[in-house]
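Have the model open while you read.

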Amino acid sequence: EVLSPALTPSCFPNCEPTIHFAVEGEQIAKLPASLQRLLKWKMSSTTPNVIKNCLARTGFTVTKRSDDWLGSWGKHMNPTAFRAILGHQKINHFPGTFEIGRKDKLWRSLVRMQCRFGKKEYDFFPHTFVLPNDSRALKQEFERLSGKQKWIIKPPASARGIGIRVIGKWSQVPKRKPVVVQKYLDRPYLVNGSKFDLRVYVYVSSYDPLRIYVYEDGLTRFATRKYSASAKSLSNRFIHLTNYSINKKNSAFTPNSDETVCQGHKWGLKALWNYLKADGIDVDCLWESIKDVIVKTIISGEAPVNSLMKTYVRRKWCCHELFGFDVMLDRNLKPWVLEVNISPSLHSTSRLDKNIKGQMVRDILNMT
């Protein structure tokens with residue numbers, strides 16, 4: 001039986017080796033007992049199994065004490081809570097990333113950058129109104145456009161498709177409830193007649209200096225009904241919404257366990273690239289354009305994060321974060337950033353999820 005080494009030598013002189021994390025099926029040599037007893041992790045109720053399993057393969061044990069753990073993976077915290085993180089500990093969030101993780105704040109951050117650098121550089125997000133503050137401006141936009149139009153309503157801080165719906169009339173807009181109303185992208189790029197979006201995983205290991213890693217694989221999530229631009233179809237969430245949490249409830253949903261094949265209503269991102277290549281599309285150019293809008297989005301929230309880091313965090317290496325970018329392609333293959341998740345789901349219900357997310361988690365922990 002071949003064992004992987006427990007420690008990975010540093011690429012730099014005079015630097016200590018790092019712990020080697022492994023994927024499912026990989027066997028790791030045991031660390032000396034003197035080091036093994038130091039491997040302690042603080043679990044939370046939201047720590048996903050893919051994280052737990054990766055830690056267990058390396059020999060980490062769970063602790064409830066506040067001072068002896070090395071790492072933790074859980075929910076975002078209030079910025080003041082970061083003061084409790086000791087210099088040798090690492091947590092999976094930065095203070096202030098709500099500036100891009102909330103839909104209302106993401107819009108404001110991107111508009112601020114658009115005003116500073118111009119629409120040519122920041123023209124990759126739908127026109128958005130934040131209600132109730134922008135109610136008057138939204139009503140004027142409805143009146144200006146008149147006729148048939150489509151808007152998508154989202155709660156500012158929800159996930160998994162909760163509270164999202166597509167509308168076409170001013171009378172359907174909540175008048176007092178805080179919501180985000182975005183111009184609906186009604187000319188999406190279709191695959192086999194269906195709408196889809198991309199879940200792109202982005203890891204930030206540091207904000208100062210800013211270091212961004214875009215994972216080479218991800219998810220392609222399909223609507224479970226063929227796309228229709230008809231106004232009569234707006235109430236059908238299985239046509240217009242691509243959220244997995246919504247579409248898995250459709251009896252027509254077809255699962256997929258192989259991330260390398262193009263079948264069912266969830267594909268691996270690499271499988272989509274192969275599909276598009278077969279259609280003669282320059283996937284390398286498309287991927288570069290997606291990475292470009294991701295970097296610009298991260299930069300839009302950089303200043304508040306660095307300010308809060310200096311105020312509340314003992315050492316800048318105590319934080320790292322995984323983001324889930326939801327990106328849609330229009331019929332011209334232009335990428336649009338729909339939202340950014342600061343706690344993207346890592347729950348793995350299929351072999352496809354386990355393979356993609358498991359390898360990504362392994363890479364993240366090895367880079368920490």
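The notes below cover a sheet, the helix on it, and a separate set of strand pairings.

## Ground rules

This is a predicted model, where local features need pLDDT of at least 70, side-chain atom pairs count only at pLDDT 80 or more, and totals for chains, interfaces and linings use all residues. Residues are numbered from 1 along each chain as its sequence is written, and side-chain values use heavy atoms, with hydrogens and water left out.

## The five-stranded sheet

Go across this open sheet and you meet β13-β12-β11-β14-β15, with antiparallel pairing. Strands here are DSSP runs (E, at least two residues), numbered from the N terminus, and a pair needs at least two DSSP bridges. Neighbouring strands are turned by 30° on average, direction ignored; the axes are lines fitted to C-alpha atoms, and angles run from 0 to 180 degrees between N-to-C directions.

Inside the sheet, β11 (residues 196-207) and β14 (residues 321-329) share seven bridges. One to look up is Y203, whose bridge partner in β14 is L322.

## The helix on top

Helix α11 (residues 351-367) packs on the sheet and touches β11, β12 (210-222), β13 and β14. Contact means heavy atoms within 4.5 Å, and a helix is a DSSP run of H or I, at least four residues. The direction of α11 makes about 175° with that of β12; helix axes are fitted over the stretch in contact.

## Around β10

Strand β10 (residues 179-183) is largely enclosed by the rest of the structure, because four of its five residues are buried. Buried means under 20% relative accessible area (1.4 Å probe, protein chains only).

Four antiparallel bridges join β7 (residues 128-131) to β10, with L131 opposite V179. Strand β8 (residues 151-154) also runs antiparallel to β10, through four bridges, and there W151 stands opposite K183.

Methods:
Buried < 20%, exposed > 50% of the residue type's maximum accessible area, 1.4 Å probe, protein only.
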